[in-house]
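Dear colleague,

Please find the structure below, handed over for your records. My notes on what was found in it follow.

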Amino acid sequence: MLRRTNYDVIPSSEITSEQVYRERRELMKLGAAAALLGTSPLMAALGYEKAKSPLELTSFDQITTYNNFYEYSTDKESPAKLAKNLKTRPWTLHVGGEVQKTQTLDIDTLIKKIPLEERIYRFRCVEGWAMVVPWVGFSLSSLLKQAGLTSKSKYVEFETLFDPAQFPAQRQTFGNIPFPYREGLRIDEAMHPLTLLAVGLYGKELLPQNGAPIRLVVPWKYGFKSIKSIVKITLSEHQTRSTWNQLAPNEYGFYANVNPAVDHPRWSQARERVLGKFFKQDTLAFNGYGADVAHLYKNMDLKKFY
């Protein structure tokens, strides 16, 4: 059971941007969706605040039935069908490498230990589609601070569960994807207050096709950076692995920041289509979070470090 405890322990204005702070508190539409979905223990614990939101939420059905999850399939609809039997309990998350205290954490103990919060984030896939998701989770920095950083904690690598019995595509060799799936961040990206470890969405526990029981969400980067079903987090002194960057470095950069000025070699990134919308809209630099994160890449050539 997911529980939210002591929501106001950390003032919202201190852990996220003013814009995202407003978005998180503006949950009128989330409340409306919750009424349609019924009540879950997590929803009951969270409660809802009514206000206006500048972002229109993508529907629960769309978020949970249109998924990239290559451990199940390469099409968008199959993960929702194939993921139903994923065993998300018991589940442990190992945090190790260049940290002061290596930890192996039970997921339920972790969720009870760190206060949860809701964040409404834009989500942009490198393929050109987008959605708006009301995530439930906690800042990655909260977990990393508990492990304790060292002078060698410069990069963070995340790893998805490797279990071919549950992830059928891991038995195959499609595209020579080197499972388990791995993704990486610089330490300043990982410690940024916008970087989230999500355990739910729409006030419910994450469904397997969305990365249950715990996944990364980095809203200013293309979606493939937001790795799902994480079992291991490893801090390193050196740049870590990134599965798609390893497979096709000319197409998928390590940074993968949303950037309308840098096209994918096979398609434009200038515009995007939000799920459920007919017309495309302009892609925003850093997916609209530039005021919060652009300073992380000051003086970097974003065409070279895409």
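The largest cavity holds about 30 Å³ of space. A cavity here is a set of points on a 1 Å grid over the protein atoms alone where a 1.4 Å probe fits but cannot get out, and lining residues have an atom within 4 Å of a point. Points are joined across faces, edges and corners, and the volume is the space filled by probe spheres set on them. Please note that this is a predicted model, in which local features need pLDDT of at least 70 and side-chain atom pairs count only at pLDDT 80 or more, while totals for chains, interfaces and linings use all residues. Residues are numbered from 1 along each chain as its sequence is written, and side-chain values use heavy atoms, with hydrogens and water left out.

The lining of the largest cavity consists of Arg122, Phe123, Arg124, Val217, Val218, Pro219, Lys221, Ser226 and Asn287. Strand S3 (residues 117-124) contributes the most to this lining, with three residues; helices (H or I, at least four residues) and strands (E, at least two) are DSSP runs, numbered from the N terminus.

Thr195 lies in the loop between helix H9 (187-190) and strand S7 (196-201). Thr195 is buried, at 0% relative accessible area (buried is under 20%, exposed over 50%, partly exposed in between, with a 1.4 Å probe and protein chains only). Leaving aside residues up to four places away in sequence, the contacts of Thr195 (heavy atoms within 4.5 Å) include Val217 and Val218.

In helix H8 (residues 140-147), the buried residues are Leu140, Ser141, Leu143, Leu144 and Ala147. They span an arc of only 160° around the axis, which places them on the same side of H8; the arc is that of the directions from the helix axis to the C-beta atoms.

Aromatic pairs number 16. Rings of Phe, Tyr and Trp (its six-membered ring) pair if their centres lie within 6.5 Å; planes under 30 degrees apart count as stacked, over 60 as edge-to-face and the rest as tilted. Tyr66 and Trp129 form an edge-to-face pair, 5.0 Å centre to centre with 85° between the planes. Tyr66 is in the loop between helix H5 (60-65) and helix H6 (78-82) and Trp129 is in strand S4 (residues 129-139), so the pair ties together parts 63 residues apart in sequence. Tyr66 is partly exposed, at 26%, whereas Trp129 is buried, at 9%.

Yours sincerely

Terms used. On a 1 Å grid over the protein atoms alone, a cavity is a set of points where a 1.4 Å probe fits but cannot get out, and a pocket is an open set with protein on both sides within 12 Å along at least five of seven lines; lining residues have an atom within 4 Å of a point.
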